[in-house]
Amino acid sequence: MGNLEMSTGDMRVVIRLLTAVERTPEQDRVLAVARERCARTDARLADQGVTLGVPVARALEELLADGPSTDMEPGYRYAFQALVAVNFSDTYDLGHWRRPSWFHTVDEEMTRHGVPADLAPAALLFAGPPIRLPHPGDALPCMSTFPASRAAELVRAYEAVLGRLDPEVRETAQVLLEPMRVEAGEWERTKRAGRTEDTVFFWLH
């Protein structure tokens, strides 16, 4: 089971925050907010009875320093998501999914009708983080990125097959289609304004 969210921003800002030798005052301010988010995540997981081998707050500090101390631990993904959250737009809630594996079933039908494999839902949502992070050790949490410049391409591909899909598959496709229509329009405005928010970030947790 997992909650699916998406947001948009400039992933280069996040990477620069992780790799900076000397941080700017603005980077220090953003990092302080991310540290608070990590501490809240640790508290929430503890309330749920979840004990991580590497707490999220510590995982963040390791990412900022010498890198992960293990190769399988979900805390690093939570920590990276905290950095994304403080640099990207407010999240768009794509709902609660009882079976994330359902997206692979949706992929099968949509690609059979002609949707390119790299635009199908599972490919969109489960491609992995933009940097190397330890495996979470389970299906969740998972993250993925998608170029905002391809949002219009995705919209066209989904709209072309929507009427031929099984109703349940169509409903899932529309969950992604609606916000990506918004992203396609926003990308055009972003380009005209000379802004750099070019990455759509998906987070399933």
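The model is predicted, so to speak of local features a pLDDT of at least 70 is needed, side-chain atom pairs count only at pLDDT 80 or more, and totals for chains, interfaces and linings use all residues. Residues are numbered from 1 along each chain as its sequence is written, and side-chain values use heavy atoms, with hydrogens and water left out.

**The cavity**

- The count comes to 1 cavity of 30 Å³ or more, where a cavity is a set of points on a 1 Å grid over the protein atoms alone at which a 1.4 Å probe fits but cannot get out.
- The volume of the largest cavity is about 50 Å³, taken as the space filled by probe spheres set on the points, with grid points joined across faces, edges and corners.
- Its lining (residues with an atom within 4 Å of a point) consists of Glu5, Met6, Ser7, Gln81, Val84, Ala85, Thr91, Phe201 and Trp203.
- At least two lining residues come from each of β1 (2-9), α4 (75-87) and β4 (199-204); helices (H or I, at least four residues) and strands (E, at least two) are DSSP runs, numbered from the N terminus.
- By class, this lining has 5 nonpolar, 3 polar and 1 charged residues (Ala, Val, Leu, Ile, Met, Phe, Trp, Tyr, Cys and Pro count as nonpolar, Asp, Glu, Lys and Arg as charged, and the others, Gly among them, as polar).

**α1 with α4**

- The axes of α1 (residues 11-19) and α4 come within 9 Å and cross at roughly 125°; axes are lines fitted to C-alpha atoms, for helices over the stretch in contact, with angles from 0 to 180 degrees between N-to-C directions.
- α1 and α4 are therefore oblique to each other (under 35 degrees counts as roughly parallel, over 145 as roughly antiparallel, 65 to 115 as roughly perpendicular and the rest as oblique).
- On the α1 side, Met11, Val13, Val14, Ile15, Leu17 and Leu18 make the contact (heavy atoms within 4.5 Å), meeting Phe80, Leu83, Val84 and Asn87 of α4.
- This contact has 9 nonpolar, 1 polar and no charged residues.

**α7 with α8**

- Helix α7 (residues 151-161) and helix α8 (residues 167-193) have axes that come within 8 Å and cross at roughly 140°.
- Their contact divides into 10 nonpolar, no polar and 3 charged residues.

**α2 with α3**

- For helix α2 (residues 25-47) and helix α3 (residues 56-64), the axes come within 7 Å and cross at roughly 145°.
- Here the contact residues are 8 nonpolar, 1 polar and 3 charged.

How values were computed. On a 1 Å grid over the protein atoms alone, a cavity is a set of points where a 1.4 Å probe fits but cannot get out, and a pocket is an open set with protein on both sides within 12 Å along at least five of seven lines; lining residues have an atom within 4 Å of a point.
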